[in-house]
Amino acid sequence: MRSFSVPERIGGFGVLVAGAATLWPTFTARTGAGVPCMLRTLTGVPCPGCGLTTAAVALVRGDFEAAFQANPVIFGLAALAVAVGPLVVARATGVLALPKPWSPARRRRMGWAAGLLATASWFFQLHRLGVSWA
């Protein structure tokens with residue numbers, strides 16, 4: 001079994017999220033269960049991922065504005081989810097070379113990029129939910 005690249009793994013996760021977002025409204029309507037953000041429940045402060053479930057459900061339903069308002073990060077995840085299928089097929093058929101491991105420098109750069117994205121998402125959530133520092 002071959003190893004998958006980071007974009008392939010994230011895209012595969014995005015495919016799972018899309019499937020769950022399709023089923024989630026039916027599950028919550030029948031059970032009344034939900035998954036609250038533990039950080040927000042305990043502290044009142046949202047996490048960078050707050051709103052991703054709402055955004056995923058809205059995106060699956062085609063409500064792009066509601067998805068953006070809940071958490072715009074969902075669009076990056078959706079883009080990777082759409083791209084991962086053809087990418088995996090192209091690599092499996094030999095059209096594209098298999099992924100090469102990332103160098104330590106590239107891993108570090110991507111770590112910084114992920115950290116900056118999480119920070120930007122967190123500030124977005126703080127603004128969206130009206131959390132003030134005072």
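User: Which residues does Ala67 touch, not counting residues up to four places away in sequence?

Analyst: Keep in mind that this is a predicted model. In it, Ala67 touches Ala55, Ala58 and Leu59, and also Pro72, Ile74 and Phe75.

User: Which residues make up the largest nonpolar core?

Analyst: Start with the general idea. In soluble globular proteins, nonpolar side chains tend to be buried together. Now the case here. The largest nonpolar core has 11 residues. They are Val17, Ala21, Ala55, Ala56, Val57, Ala58, Leu59, Ala67, Ala70, Ile74 and Leu77.

User: How do I read the packing of α3 and α5, starting with the angle and the distance between their axes?

Analyst: Take the angle, then the distance. The angle is about 55 degrees, and the axes lie 9 Å apart.

User: What are the angle and axis distance for α1 and α5?

Analyst: Helix α1 covers residues 6-31, and helix α5 covers residues 73-92. They pack at about 120 degrees, with axes 7 Å apart. That angle makes α1 oblique to α5. The crossing of α1 and α5 is left-handed.

User: Which residues meet there?

Analyst: On the α1 side, look for Pro7, Glu8, Ile10, Gly11, Gly12, Phe13, Gly14, Val15 and Val17. On the α5 side, look for Leu77, Leu80, Ala81, Val84, Leu87, Val88 and Arg91. The contact of α1 with α5 divides into 11 nonpolar, three polar and two charged residues.

User: Now the whole chain. How many helices and strands are there?

Analyst: The protein chain has six helices and zero strands. Along the sequence, the pattern reads α-α-α-α-α-α.

User: What does the C-alpha trace span, and what share of residues count as buried?

Analyst: Along its principal axes, the C-alpha trace spans about 50 × 40 × 25 Å. The chain has 134 residues, and 22% of them count as buried.

User: Among contacts between residues at least 6 apart in sequence, what share joins residues at least 24 apart?

Analyst: In this protein chain, the share is 60%.

Note on methods
Residues numbered from 1 in each chain as written. Predicted model: local features only at pLDDT ≥ 70, side-chain atom pairs only at ≥ 80, totals over all residues. Heavy atoms only, no water. Axes fitted to C-alpha atoms, helices over the stretch in contact; angles between N-to-C directions. Helix = DSSP H or I, 4+ residues; strand = E, 2+ residues; numbered from the N terminus. Parallel < 35°, antiparallel > 145°, perpendicular 65-115°, else oblique. Left-handed = near helix turned anticlockwise from the far one by under 90°. Contact = heavy atoms within 4.5 Å. Nonpolar A, V, L, I, M, F, W, Y, C, P; charged D, E, K, R; others polar. Core = buried A, V, L, I, M, F, W, Y, C linked by side-chain atoms within 4.5 Å. Buried < 20%, exposed > 50% of the residue type's maximum accessible area, 1.4 Å probe, protein only.
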